[in-house]
Amino acid sequence: MPELPEVEVTRRGIEPYVAGRYIQCVEVRAAALRWPVPAGLPALLASQRVDKVERRGKYLLFETARGWFIVHLGMTGTLRVLRHVAEPPAKHDHIDWVFDAFTLRFRDPRRFGAVLWHPREAGDVLAHPLLAQLGVEPFAPEFTGALMYRRTRGRKVSIKQVLLAGDVVVGVGNIYASESLFHAGIRPATPAGRISQARYERLAEAVRQTLAAAIEKGGSTLRDFIGSDGAAGYFQLDYFAYDRAGLPCRVCGALIKQIVQGQRSTYFCSHCQR
Ligand SMILES: [Zn+2]
């Protein structure tokens, strides 16, 4: 499943192509995604210029004068820029945005992705019901240890679950939760309400650094967005905890442990994380 770094790298990969360019037409071959693709989308977007591409959580926001089309990659979605319009769509290529010199193509075998529309008359896109409830962005100045501390007082749920829930901070999925907690030295099962502000300051910094490292790593795969078979998989970081059960900790040599929280695997070092 694409996590925030993959979505951000997708944004950086395609924005230089589409920003400032005019959509000639939109071809929807399969509208039955997680939610139906709006039937009026091709008419709304014909001859519209994409002004910019932004990201909120894992949603990509393509702004035009009439409003925004919103893309979520779901579990298996990819967006690619095809220079040669003539390339015929394959089985799971559900939507094309045809520009003058290239096509932006959405492929999604499992169809948990989404393409939605937010008209300008409805106000800013960040007020969209799917976006309004999201936690803060990890790279926004509002994301601080103090915020995490404040938002977790009285909460008995584990800090790992708080990170995954996305209502305090967005974009920390299963891999990056394990990694961030390792770098912050916090044991994943610790009740969120019992962590001090100083430790949350370390965690906020670890979240930022972990995500930034993944985005930087993904930057070297930008070419994958151009061409026919570029699928954005996970960026293979040198993980410290994630998926290393039974292997020696890279810091202290103790064996990395694996537990299950909320039906997801968590990995940690019982020596480095307290
Ligand atoms: Zn260790």
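Predicted model: local features only at pLDDT ≥ 70, side-chain atom pairs only at ≥ 80, totals over all residues.
Q: Let's start with the metal. Which residues are the protein donors of the zinc ion?
A: Cys249, Cys252, Cys269 and Cys272, each through SG. They lie 2.3 to 2.4 Å from the zinc ion.

Q: What's the arrangement of the four donor atoms?
A: Tetrahedral, because the angles they subtend around the zinc ion run from 97 to 114°. The cut-off for that label is all angles between 85 and 135 degrees.

Q: And how are the donor residues spaced in sequence?
A: The pattern is C-x2-C-x16-C-x2-C.

Q: Cys269: buried or exposed?
A: Cys269 is buried, at 0% relative accessibility. Cys272 is partly exposed, at 24%.

Q: Switching to charges. How many salt bridges in the whole structure?
A: A search finds 18.

Q: Give me one in H1. What does Glu8 meet there?
A: The Glu8 side chain meets that of Arg11, at 3.0 Å from N to O. The two are three residues apart in helix H1, residues 4–18, so about one helical turn separates them.

Q: Which salt bridge does Arg56 form?
A: Arg56 pairs with Glu137, and their closest N and O atoms are 2.9 Å apart. Arg56 sits in strand E2 (residues 52–56), while Glu137 is in the loop between helix H3 (129–132) and helix H4 (145–152), so the pair ties together parts 81 residues apart in sequence. Arg56 is buried at 14% relative accessibility, and Glu137 is buried at 13%.

Q: Which residues link up in a salt-bridge network?
A: Glu8, Arg11, Arg12, Glu15, Arg55, Arg56 and Glu137.

Q: What about Asp51 and Arg49?
A: Their side chains also meet in a salt bridge, 2.8 Å from N to O. Asp51 is partly exposed, with a relative accessible area of 30%. Arg49 is partly exposed as well, at 36%.

Q: Back to H1. How far does the helix reach?
A: H1 has 15 residues and spans 20 Å from first C-alpha to last. That is close to the 21 Å expected at 1.5 Å a residue.

Q: How many of its residues are buried?
A: Eleven of the 15, so H1 is largely enclosed by the rest of the structure. Among them are Leu4, Pro5, Val7, Val9, Ile14 and Val18.

Q: What follows H1?
A: Gly20 comes after the helix, and its phi is positive, near 85°.

Q: Now the sheet. In what order do the four strands run?
A: The order is E1-E6-E7-E5, in an open sheet with antiparallel pairing. The edge strands are E1 (23–28) and E5 (78–82), each pairing on one side only. Neighbouring strands are turned by 15° against each other on average, direction ignored.

Q: How many bridges hold E6 and E7 together?
A: Five, between E6 (residues 93–99) and E7 (residues 103–107), in the antiparallel sense.

Q: Which residue in E7 stands opposite Trp97?
A: Leu104.

Definitions and conventions. Residues numbered from 1 in each chain as written. Heavy atoms only, no water. Donors = N, O, S within 2.8 Å, 3.2 Å for Na, K, Ca; no water. Tetrahedral: all angles 85-135°; square planar, octahedral: opposite > 155°, others 65-115°. Buried < 20%, exposed > 50% of the residue type's maximum accessible area, 1.4 Å probe, protein only. Salt bridge = Lys/Arg side-chain N within 4 Å of Asp/Glu carboxyl O. Expected span 1.5 Å × (residues − 1). Pairing = 2+ DSSP bridges. Axes fitted to C-alpha atoms, helices over the stretch in contact; angles between N-to-C directions.
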